[in-house]
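Open the model in your viewer and show the chains in separate colours. The stops below say what to select and what is there.

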Amino acid sequence: MGLLSRKVTCNSHGQDSSYFLGWQEYEKNPYHEVNNPQGIIQMGLAENQLSFDLPESWLAKNADAAGFKRDGQSIFKELALFQDYHGLPAFKKALVDFMAEIRGNKVTFDPNHIVLTAGATSANETLMFCLAEQGDAFLLPTPYYPGFDRDLKWRTGVEIVPIQCTSSNRFQITAPALEEAYQQAQRKNLRVKGVLVTNPSNPLGTTMRRDELDLLINFITDKEIHLISDEIYSGTVFSSPGFVSIMEVLKDRSLEQTPVWERVHIVYSLSKDLGLPGFRVGAIYSNDPIVVAAATKMSSFGLVSSQTQYLLSAMLSDKKFTKEYMAKNHKRLQKQQSKLVSGLEKAGIGCLESNAGLFCWVDMRHLLSSNTFEAEMELWKRIVYDVKLNISPGSSCHCSEPGWFRVCFANISEDTLKVAMQRLKSFVDSVAINNQSHQELKNSRKKFRTKWVFRLSFQSFHDREQDER
Amino acid sequence: MLSSKASSNCHGQDSLYFLGWQVYEKNPFHEVENPTGIIQMGLAENQLSFDLVESWLRKNPDIMGLKNKDGESVFRDLALFQDYHGMPAFKNELVEYMAKIRGNKVKFDPNNLVLAAGATSANETLIFCLADPGDAILLPTPSYAGFDRDLKWRTGVEIVPIHCSSSNGFRISMFALEEAYERAQKLDLKVKGVLITNPSNPLGTTMTKDELQSLITFAIDKDIHLISDEVFSGTVFDSPCFISIMEAAMDSNLKRNTDVLSRIHIVYSLSKDLGLPGFRVGMIYSNNQTVVSAATKMSSFGLVSSQTQYLLSYMLANKKFTSNYMKRNQKRLKKRKEMLVSGLKKSGINCLKSNAGLFCWVDMRHFLCSNTFEAETDLWKKILCEVGLNISPGSSFHCSQPGWFRVCFANMNQSTLQVALRRIKDFVERSRFNYQQNMTSLSRKLISNWVRKLSSADREEQER
């Protein structure tokens, strides 16, 4: 049979990683409050399930939007035929307005610079195709979303070179780390085309500070490369500090007329804040008209269903709805996050202080048997199979330090979260008890040895036996 | 700064196919508001049967409103559903619908179906699965202009044409196949497969069982793949009936080769027969598990909206609807095509005999002032700008012979088609009149020259 492509036979779709394997385990034995209370609780899925009631009730009051009607008239034919890769104008307008609203209206966006794509997955890949050749590299701060290994590299042939971030400074990007990553790429003979950051960060749940954003702008200006800011979680910022978009910083520094302005691109999607991953709505925003033109043509490979564009253009144009949604959603996210944080605290587990996202970056280093990734895997397996919580190990996010885990909180109910925390506490307590008894055992062995040695010291030197380990 | 893909033009969108579209958009025909505007006959869309779909929708407001048959909201489930395996109910209905189109002579397994955001996405994904950058796919000409973008642009794969000509109704001959294969070898390109569109765009014809089996034999012999883009399979309105590549492969002779099914892949979409290009529903069907698995993961880059999957799974589940739709749609297509063919005939223009598709392959060679593509482009510009019809020149389909045009008939109403036919008739008459005028003035010129020569000859004699 004819050979298949290298893309098919390799595994750089990255789906053999533990991130996806844990998912598979969960699917074999999923938790259900009533039907399967002993099952695995899914805490590895960054979905927002806290606010469905809001769009659902909007839909009930706005049947026309789902019913292919405008002002009571059927526009089915128009929508069924609409495959213009420039996107539905009303939808793009509503989307850029919503994006501006998320940014406190401190920046405005031009609908002619936005390109619709089938989810951020498609947006990120398309941007790679536009900005880099096969064999070029993008720098990415670690830890990062495991899906990037597929989205950015698989079909594009682009490489990822990590910018190592550590817990010593809360995983923030530093100038030396940036420079070191760049040098590493050079050593590997890889041409660096840009930096890609996720802000707010997945898996950290933190927003980038202004000085970090400034640092990035300076770096890409100096190296004459691109910056992609994946702002997919921008609508999930639930507490201070508020969200500062890269566009805001560029504007504040009056960089609109400079070359760097056209090298900054934003990726967005409605999958995280609005909780609509099934509808496949992503977007690229770029100040470079050539990128916009090329990405627009490429969007042919992943257009958004016109049925969906129409429904959501009506929803997002309803400013009363978007305002209410954002306020309520943020409150619920904050409440759920603090429940997770306090639950973890009770189990003696800390997490990185966060103000955004649908997850916490949890510190389980003290539960490792050794400061290694093997120990992290061991711990992860115990948590998945024994504690029955699917959480994501830091290694799947390319974290440079073992012992960190991403734990999602927005895809489960409050009650399920409670159950998860109880299980975790029991696990930690049992580990403590084991450690204690292990320690006691060690101590008692030591005592015994001392007595024995003491006894032996009275025997002849030649009679003494080797100490047993 | 940017990639070569972003700055190149191998998205193919500088071709005349797309340029004509752009000119149309600046001055689109409207029966009332712009009756002298350009009539769009370059868009292969089916606009003849929306009323049937709309009537189904009117009877199913709950499904549109994201509720189930019991009136309960399924919004949440749909909003979260992003499984790249696709909605099982939807895939079950799709395979049944596909089987129905093929007269239930083949059966499809929903586990072998991969959803994609339109056939555009499906074709690209298949190429990513089957070929590496620099490899080649053989494609019969003339073929859909969009393939230059879909198959080549981001994949880096080359297209090597299989030249077909009017001498045998543009059918693929074994000779042409071998010739294309050898040409690829000479260019140092590794051929990974053949891609056919059946029914053909732009020809509007279906392939015979013999043709399909010859292709399969060729693929086995060269150890390559065979992709059959069957997007127009639901638009077959006349005999001979549609024979799918799957049906041809089921033949006992070929089945002996156990590999055969694993190298055959079908592409389908709901954009052409159901007339729903806006909903972005495409798919790959393959018996090759490795391809299905890889294509499934790749479909992450172009999943179908769950809202759309939900709506269409219910629509296709209604067997009364699908039977009625297929029957009536095919009738309407046939009627409209016959109207175009007979109208063109009245103007002395013939088309390739066709039984499918949303267009005719029209022979305008006798209008060319020379048998060249320059003359074809001149004629095309004239028809676009003077006659006001956007039709697609054969060169944009890489046809090897100048003078052929694809003319669509299913994307407009009857009266618009009548206007178009009248314009063509006027153009033809004008051309004939001009020709006669030219001929008359030319003959007059010739005669007066001859007379002058004769009289000067006399004079010379006298002068000598």
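The tour starts at one side chain and then moves to the interface between two chains.

This is a predicted model, in which local features need pLDDT of at least 70 and side-chain atom pairs count only at pLDDT 80 or more, while totals for chains, interfaces and linings use all residues. Residues are numbered from 1 along each chain as its sequence is written, chains are lettered from A and ligands numbered from 1 in the order in which they are written, and side-chain values use heavy atoms, with hydrogens and water left out.

**Stop 1: D149(A).** Select helix α8 of chain A, residues 148–153, which contains D149(A); helices are DSSP runs of H or I, at least four residues, numbered from the N terminus. D149(A) is buried and has no salt bridge. Buried means under 20% relative accessible area (1.4 Å probe, protein chains only), and a salt bridge is a side-chain nitrogen of Lys or Arg within 4 Å of a carboxyl oxygen of Asp or Glu. The nearest side chain of opposite charge is K153(A), 4.3 Å away.

**Stop 2: the interface.** Select the contact (heavy atoms within 4.5 Å): 70 residues come from chain B and 69 residues from chain A. Then pick R155(A) and E124(B), whose side chains form a salt bridge at 4.0 Å, N to O.

Conventions: Helices (H or I, at least four residues) and strands (E, at least two) are DSSP runs, numbered from the N terminus. Buried means under 20% relative accessible area, exposed over 50%, partly exposed in between (1.4 Å probe, protein chains only). Lys and Arg count as positive and Asp and Glu as negative; His and the chain ends are not counted.
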